[in-house]
Amino acid sequence: DPSADRWHAYRAETPVPVFVVEVVSASNWSKDYEQAPAKYAMLGVDELLLFDPLVLEGRSPASEPYLLQLYRKVSGGKLKRMYAGEGPVWSESVGAWFLVKEEQLRVARDRQGTLLVRSYQEGEEKERASRRKAEEREHAAEEQRRAAEEQTERERAERLAAEEQRRAAEERERWAAEQAERERAERLAAEEQRRAAEEEAERERAERLAAEEQRRAAEEQAERERAQCRAAEEQRRAAEELPRSEGYAFTSSSTAPGPRGINPLPSPVWTIRKASPSTLQLTVDGFL
């Protein structure tokens with residue numbers, strides 16, 4: 001079947017094949033060269049291909065060695081040689097080209113041998129290679145999936161860490177703002193206390209000054225009163241010394257105190273003279 005993707009040797013339990021390949025051996029080359037065509041003709045084979053690999057090594061014992069020989073069934077059922085040479089050769093029953101490539105007999109869909117048909121072993125190897133590649137792809141996909149999950153987990157952990165850092169930064173900023181507000185309130189309270197203390201000190205100073213002023217005013221008032229008392233005493237003594245026949249005169253003063261904390265009102269100075277033996281004259285000379 002030229003459309004098949006693999007081929008393998010004839011097996012005894014299968015029906016008689018239409019195409020047979022016989023590989024020449026060094027120990028029994030004459031059987032392959034001389035007896036094989038008649039034997040396979042009796043079996044009813046349509047085509048026989050003889051492949052002599054000893055030709056490639058230059059040690060084929062045949063008198064006329066050929067790398068490839070193709071026999072095809074003709075009338076009467078005999079197999080007639082249709083080709084002998086290096087190849088490639090076309091098989092009508094297979095519908096493909098046979099050629100030797102890299103010292104191996106190969107089946108191809110083109111004369112140049114670029115479209116090779118894989119052998120059974122090559123097909124098995126290709127299937128194994130395909131399975132290995134599929135497994136490798138699955139493994140790679142699983143690795144990528146795990147890597148993607150790990151990357152997702154790392155990104156989630158990084159987001160959580162960043163969120164935690166953001167919350168910690170916000171907490172630090174909030175604490176710093178509260179601390180700054182507390183310090184500002186403390187400064188304002190300290191400033192208020194300082195102003196209150198200064199105002200209290202100013203009131204105490206004003207009270208001390210007022211008390212000192214009152215003390216000085218009281219002392220001055222007491223001094224005036226003492227001076228008035230001394231003047232009155234002097235006038236009294238002077239009046240007592242005047243002759244009674246001629247009359248007498250003296251000065252009297254009295255102090256009318258003002259309201260508390262205010263200087264006393266001015267005191268008038270009185271002069272009394274004897275105008276006649278039976279009359280006294282009262283005169284205001286001024287104020288103290």
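Residues are numbered from 1 along each chain as its sequence is written, and side-chain values use heavy atoms, with hydrogens and water left out. Because the model is predicted, local features need pLDDT of at least 70 and side-chain atom pairs count only at pLDDT 80 or more, while totals for chains, interfaces and linings use all residues.

**View 1. The largest nonpolar core and Phe19.** A nonpolar core here is a set of buried Ala, Val, Leu, Ile, Met, Phe, Trp, Tyr and Cys residues joined through side-chain atoms within 4.5 Å; buried means under 20% relative accessible area, exposed over 50%, and partly exposed in between (1.4 Å probe, protein chains only). The largest core has 13 residues, and those touching the most other members are Phe19, Leu49, Leu68, Val89, Phe98 and Leu105. At least two core residues come from each of strands S2 (47-51), S3 (68-73), S6 (96-101) and S7 (104-108). Strands (E, at least two residues) are DSSP runs numbered from the N terminus. Take a moment with Phe19: beyond its neighbours within four places in sequence, Phe19 is in contact (heavy atoms within 4.5 Å) with Val45, Glu47, Leu49, Leu70, Ser91, Ser93, Val94 and Phe98. A second, separate core of nine residues includes Val20, Ala36, Tyr40 and Val45.

**View 2. Strand S3 and its partners S2 and S4.** Five of the six residues of S3 are buried, so this strand is largely enclosed by the rest of the structure. Two strands pair if DSSP finds at least two bridges between them. S2 and S3 run antiparallel and are joined by five bridges; look for Glu47, whose bridge partner in S3 is Arg72. S3 and S4 also run antiparallel, with six bridges between them, and here Leu70 stands opposite Tyr83 of S4. The hairpin of S3 and S4 has five residues between the strands, and its Gly76 takes a positive phi near 90°.

**View 3. The cis peptide bond at Pro88.** Most peptide bonds are trans. The bond joining Gly87 and Pro88 is cis, with omega about 0°. Pro88 lies in the loop between strand S4 (79-85) and strand S5 (89-91).

**View 4. Glu102 and Glu103 in the loop between S6 and S7.** Most residues other than glycine have a negative phi. Glu102 has a positive phi, near 55°, and Glu103 has a positive phi of about 65°. Glu102 is exposed, with a relative accessible area of 75%; Glu103 is likewise exposed, at 62%.

Methods. Helix = DSSP H or I, 4+ residues; strand = E, 2+ residues; numbered from the N terminus.
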